[in-house]
Amino acid sequence: MQPDALGQLLEQCALGNRAAFADLYRQTSAKLFGVALRILRREDWAEEVLQESFVNIWRHAAAYSVYKSAPMTWMISIVRNRALDILRRPGLEIALADESLIEAWEDSDAGPLDRLLKSNEAAALARCLQQLDGNQRQSIMLAFYYGLTHAELAKHLRQPLGTVKSWIRRGLQRLRECLTI
(Lines give C-alpha, C1' and ligand atoms only; values in the text may rest on other atoms or scores of the structure.)
Protein backbone atom coordinates (compact mmCIF):
# COMPACT_ATOMS: atom_id res chain seq x y z
CA MET A 1 0.00 0.00 0.00
CA GLN A 2 1.23 3.49 -0.78
CA PRO A 3 2.29 5.66 2.17
CA ASP A 4 0.01 8.43 0.90
CA ALA A 5 -3.00 6.11 1.05
CA LEU A 6 -2.10 4.97 4.58
CA GLY A 7 -1.64 8.60 5.59
CA GLN A 8 -5.10 9.40 4.25
CA LEU A 9 -6.58 6.48 6.16
CA LEU A 10 -4.92 7.74 9.35
CA GLU A 11 -6.35 11.20 8.69
CA GLN A 12 -9.80 9.66 8.36
CA CYS A 13 -9.26 7.66 11.57
CA ALA A 14 -8.42 10.91 13.34
CA LEU A 15 -11.85 12.15 12.27
CA GLY A 16 -13.51 9.04 13.71
CA ASN A 17 -14.14 7.25 10.41
CA ARG A 18 -14.62 3.60 11.43
CA ALA A 19 -14.66 2.34 7.84
CA ALA A 20 -11.23 3.91 7.26
CA PHE A 21 -9.99 2.26 10.45
CA ALA A 22 -11.28 -1.14 9.30
CA ASP A 23 -9.54 -0.63 5.96
CA LEU A 24 -6.33 0.41 7.71
CA TYR A 25 -6.52 -2.73 9.83
CA ARG A 26 -7.06 -4.99 6.80
CA GLN A 27 -4.13 -3.49 4.96
CA THR A 28 -1.58 -3.38 7.79
CA SER A 29 -2.47 -5.94 10.47
CA ALA A 30 -0.54 -8.85 8.93
CA LYS A 31 2.70 -6.89 8.76
CA LEU A 32 2.24 -5.41 12.23
CA PHE A 33 1.44 -8.84 13.66
CA GLY A 34 4.67 -10.11 12.12
CA VAL A 35 6.62 -7.35 13.84
CA ALA A 36 5.08 -8.22 17.21
CA LEU A 37 5.63 -11.94 16.70
CA ARG A 38 9.26 -11.43 15.73
CA ILE A 39 9.88 -9.55 18.98
CA LEU A 40 7.77 -11.65 21.35
CA ARG A 41 8.07 -15.12 19.81
CA ARG A 42 4.64 -16.02 21.18
CA GLU A 43 1.44 -15.78 19.15
CA ASP A 44 -0.81 -15.06 22.12
CA TRP A 45 1.34 -12.13 23.23
CA ALA A 46 1.66 -10.88 19.64
CA GLU A 47 -2.13 -10.94 19.25
CA GLU A 48 -2.52 -8.97 22.48
CA VAL A 49 0.05 -6.42 21.35
CA LEU A 50 -1.60 -6.07 17.95
CA GLN A 51 -4.99 -5.40 19.51
CA GLU A 52 -3.61 -2.86 21.99
CA SER A 53 -1.57 -1.20 19.26
CA PHE A 54 -4.59 -0.70 17.02
CA VAL A 55 -6.48 0.81 19.94
CA ASN A 56 -3.55 3.23 20.35
CA ILE A 57 -3.49 3.94 16.62
CA TRP A 58 -7.21 4.74 16.71
CA ARG A 59 -6.87 6.97 19.77
CA HIS A 60 -3.75 8.79 18.59
CA ALA A 61 -4.30 8.99 14.84
CA ALA A 62 -4.63 12.76 15.16
CA ALA A 63 -1.10 12.91 16.58
CA TYR A 64 0.38 11.30 13.46
CA SER A 65 2.40 13.69 11.33
CA VAL A 66 3.52 12.86 7.80
CA TYR A 67 6.46 15.22 8.38
CA LYS A 68 7.86 13.08 11.21
CA SER A 69 7.62 9.59 9.70
CA ALA A 70 5.94 7.41 7.12
CA PRO A 71 2.58 5.97 8.24
CA MET A 72 3.83 2.38 8.42
CA THR A 73 6.94 3.47 10.33
CA TRP A 74 4.75 5.25 12.87
CA MET A 75 2.50 2.21 13.31
CA ILE A 76 5.46 -0.19 13.55
CA SER A 77 6.97 1.96 16.29
CA ILE A 78 3.71 1.72 18.25
CA VAL A 79 3.72 -2.08 17.91
CA ARG A 80 7.42 -2.36 18.72
CA ASN A 81 7.13 -0.18 21.81
CA ARG A 82 4.11 -2.10 23.07
CA ALA A 83 5.87 -5.44 22.48
CA LEU A 84 8.90 -4.24 24.41
CA ASP A 85 6.59 -3.08 27.21
CA ILE A 86 5.25 -6.63 27.43
CA LEU A 87 8.79 -8.00 27.71
CA ARG A 88 9.62 -5.49 30.41
CA ARG A 89 6.67 -6.33 32.63
CA PRO A 90 7.76 -6.47 36.25
CA GLY A 91 7.81 -10.03 37.48
CA LEU A 92 7.79 -11.54 33.99
CA GLU A 93 9.85 -14.68 34.18
CA ILE A 94 10.29 -17.02 31.32
CA ALA A 95 9.04 -20.45 32.31
CA LEU A 96 11.41 -23.18 31.29
CA ALA A 97 9.19 -26.16 32.02
CA ASP A 98 6.01 -25.49 30.08
CA GLU A 99 6.63 -22.56 27.73
CA SER A 100 10.31 -22.11 27.17
CA LEU A 101 11.60 -19.65 24.66
CA ILE A 102 13.26 -22.51 22.86
CA GLU A 103 9.90 -24.24 22.39
CA ALA A 104 8.31 -20.97 21.27
CA TRP A 105 10.90 -20.67 18.52
CA GLU A 106 10.31 -24.18 17.23
CA ASP A 107 8.72 -24.61 13.87
CA SER A 108 7.57 -27.69 12.00
CA ASP A 109 10.65 -27.82 9.75
CA ALA A 110 13.61 -29.81 11.03
CA GLY A 111 16.18 -27.04 10.90
CA PRO A 112 19.32 -26.31 12.86
CA LEU A 113 17.37 -25.11 15.90
CA ASP A 114 15.31 -28.30 15.95
CA ARG A 115 18.48 -30.38 15.87
CA LEU A 116 19.94 -28.27 18.67
CA LEU A 117 16.87 -28.76 20.83
CA LYS A 118 17.27 -32.48 20.59
CA SER A 119 20.92 -32.41 21.45
CA ASN A 120 22.40 -33.26 24.80
CA GLU A 121 23.83 -29.75 25.12
CA ALA A 122 20.38 -28.15 25.03
CA ALA A 123 19.13 -30.53 27.71
CA ALA A 124 22.18 -29.79 29.85
CA LEU A 125 21.69 -26.04 29.42
CA ALA A 126 18.01 -26.29 30.38
CA ARG A 127 18.95 -28.36 33.47
CA CYS A 128 21.61 -25.83 34.49
CA LEU A 129 19.27 -22.88 33.93
CA GLN A 130 16.74 -24.55 36.24
CA GLN A 131 19.37 -24.58 38.98
CA LEU A 132 19.85 -20.80 38.91
CA ASP A 133 17.83 -18.64 41.23
CA GLY A 134 14.92 -16.82 39.61
CA ASN A 135 16.59 -13.41 39.37
CA GLN A 136 19.72 -14.82 37.72
CA ARG A 137 17.72 -16.96 35.29
CA GLN A 138 15.35 -14.14 34.36
CA SER A 139 18.18 -11.65 33.85
CA ILE A 140 20.16 -14.02 31.66
CA MET A 141 17.14 -15.08 29.61
CA LEU A 142 15.96 -11.51 29.00
CA ALA A 143 19.47 -10.36 28.11
CA PHE A 144 20.22 -13.29 25.81
CA TYR A 145 16.92 -13.95 24.07
CA TYR A 146 15.56 -10.40 23.93
CA GLY A 147 18.81 -8.46 23.82
CA LEU A 148 18.00 -6.24 26.76
CA THR A 149 20.93 -4.20 28.00
CA HIS A 150 21.97 -4.10 31.64
CA ALA A 151 20.29 -0.70 32.00
CA GLU A 152 17.05 -1.97 30.43
CA LEU A 153 17.12 -5.01 32.69
CA ALA A 154 17.62 -2.83 35.76
CA LYS A 155 14.66 -0.67 34.78
CA HIS A 156 12.48 -3.71 33.96
CA LEU A 157 13.36 -5.53 37.17
CA ARG A 158 13.30 -2.33 39.23
CA GLN A 159 16.68 -3.12 40.68
CA PRO A 160 19.96 -1.17 40.85
CA LEU A 161 22.20 -1.56 37.82
CA GLY A 162 25.01 -3.10 39.87
CA THR A 163 22.66 -5.73 41.29
CA VAL A 164 21.52 -6.79 37.83
CA LYS A 165 25.10 -6.96 36.57
CA SER A 166 26.00 -9.14 39.56
CA TRP A 167 23.06 -11.47 38.91
CA ILE A 168 24.15 -11.93 35.31
CA ARG A 169 27.84 -12.37 36.14
CA ARG A 170 27.17 -14.87 38.94
CA GLY A 171 24.54 -16.68 36.90
CA LEU A 172 26.90 -17.08 33.96
CA GLN A 173 29.62 -18.35 36.31
CA ARG A 174 27.21 -20.93 37.74
CA LEU A 175 26.14 -21.96 34.24
CA ARG A 176 29.76 -22.38 33.19
CA GLU A 177 30.49 -24.51 36.27
CA CYS A 178 27.37 -26.60 35.78
CA LEU A 179 28.05 -27.22 32.12
CA THR A 180 31.67 -28.30 32.68
CA ILE A 181 30.68 -31.04 35.15
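In what order do the elements of the chain run from the N terminus on? They run α-α-α-α-α-α-α-α-α-α. The chain has 10 helices and 0 strands. Both are DSSP runs numbered from the N terminus: helices are H or I with at least four residues, strands are E with at least two.

**Before you click**

This is a predicted model: local features need pLDDT of at least 70, side-chain atom pairs count only at pLDDT 80 or more, and totals for chains, interfaces and linings use all residues. Residues are numbered from 1 along each chain as its sequence is written, and side-chain values use heavy atoms, with hydrogens and water left out.

**Whole chain**

Show the surface. The accessible surface of the chain is about 10900 Å², by the Shrake-Rupley method with a 1.4 Å probe. Carbon and sulfur atoms account for 51% of that surface. Of the 181 residues, 39% count as buried. Buried means under 20% relative accessible area, exposed over 50%, and partly exposed in between (1.4 Å probe, protein chains only).

**Stop 1: aromatic rings**

Rings of Phe, Tyr and Trp (its six-membered ring) pair if their centres lie within 6.5 Å; planes under 30 degrees apart count as stacked, over 60 as edge-to-face and the rest as tilted. The count by this rule is 4 aromatic pairs.

Select Phe21 and Trp58. Their rings form an edge-to-face pair, 5.0 Å centre to centre with 65 degrees between the planes. Phe21 sits in helix α2 (residues 18-40) and Trp58 in helix α3 (residues 43-60). The pair thus links distant parts of the chain, 37 residues apart. Trp58 is partly exposed, at 27% relative accessibility.

Together with Phe21 and Trp58 they form one aromatic cluster.

Next, select Tyr64 and Trp74. The ring centres are 5.3 Å apart and the planes stand at 55 degrees, so this pair is tilted. Tyr64 is in the loop between α3 and α4 (71-87), while Trp74 is in helix α4, so the pair ties together parts 10 residues apart in sequence. Are these two residues buried or exposed? Tyr64 is buried at 12% relative accessible area, and Trp74 is buried at 15%.

**Stop 2: α8 against α9**

Select helix α8 (residues 134-146) and helix α9 (residues 150-157). They pack at an angle of about 130 degrees, with axes 10 Å apart. Axes are lines fitted to C-alpha atoms, for helices over the stretch in contact, and angles run from 0 to 180 degrees between N-to-C directions. The angle makes α8 oblique to α9; under 35 degrees counts as roughly parallel, over 145 as roughly antiparallel, 65 to 115 as roughly perpendicular and the rest as oblique.

Show side chains. On α8 the contact is made by Gln138, Ser139, Leu142 and Ala143. On α9 it is made by Leu153, His156 and Leu157.

**Stop 3**

Most residues other than glycine have a negative phi.

Go to Arg41, in the loop between α2 and α3. Arg41 is partly exposed, with a relative accessible area of 33%.

Finish at Arg158, in the loop between α9 and α10 (161-180). Arg158 counts as exposed, at 66% relative accessibility.

Notes:
Contact means heavy atoms within 4.5 Å.
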